[in-house]
Amino acid sequence: ATKEKSQSILSEFITNFLAVFTAFIGIKKGTASQQDFSKLKIQHVVIVGIVCAVLFTGGLITLVKFITT
């Protein structure tokens, strides 16, 4: 039961991450995005959104440092 629960949580996190990430970079169409977000919990969306923003910002900072040195 514990293994199934942890797999379910991981699967849900991956689904949430992909939905938020694709919306973040604008890959999905509006209807597909609407379907994804209708299934998500707001807490997960906020957490994944913050993680994506931090990763994006960190990636940009790293890229700029790499280019300018």
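Val45 lies in helix 3, where helices are DSSP runs of H or I with at least four residues, strands are runs of E with at least two, and both are numbered from the N terminus. The model is a predicted one, in which local features need pLDDT of at least 70 and side-chain atom pairs count only at pLDDT 80 or more, while totals for chains, interfaces and linings use all residues. Residues are numbered from 1 along each chain as its sequence is written, and side-chain values use heavy atoms, with hydrogens and water left out.

Leaving aside neighbours within four places in sequence, Val45 is in contact (heavy atoms within 4.5 Å) with Val20, Phe37 and Leu40. The C-alpha atoms of Val45 and Val20 are separated by 6.6 Å, although the two residues stand 25 places apart along the chain.

The protein has 3 helices and 0 strands, and its elements run α-α-α from the N terminus on. The radius of gyration, taken over C-alpha atoms, is 15 Å, whereas a compact globule of 69 residues would have a value near 11 Å; the globule rule is 2.2 Å times the number of residues to the power 0.38. Along the principal axes, the C-alpha atoms fill a box of roughly 50 × 35 × 15 Å. Of the 69 residues, 14% count as buried, that is, under 20% relative accessible area with a 1.4 Å probe and protein chains only, with exposed meaning over 50% and partly exposed in between.

Now to the helix pair. Helix 1 (residues 2–25) packs against helix 3 (residues 42–68) at an angle of about 55°, and their axes are 9 Å apart. Helix 1 is therefore oblique to helix 3, since angles under 35 degrees count as roughly parallel, over 145 as roughly antiparallel, 65 to 115 as roughly perpendicular and the rest as oblique. The axes are lines fitted to C-alpha atoms over the stretch in contact, and angles run from 0 to 180 degrees between N-to-C directions. The crossing of the two helices is right-handed, meaning that the near helix is turned clockwise from the far one by less than a right angle.

Helix 1 brings Glu12, Phe13, Asn16, Phe17, Val20, Phe21 and Phe24 to this contact, and helix 3 brings His44, Val45, Val48, Gly49, Cys52, Ala53 and Phe56.

Asn16, placed in helix 1, is buried, with a relative accessible area of 4%. Beyond four places in sequence, Asn16 is in contact with Leu40, His44 and Val48. Phe17, also found in helix 1, counts as partly exposed at 25% relative accessibility. With neighbours within four places in sequence left aside, Phe17 is in contact with Val48 and Cys52.
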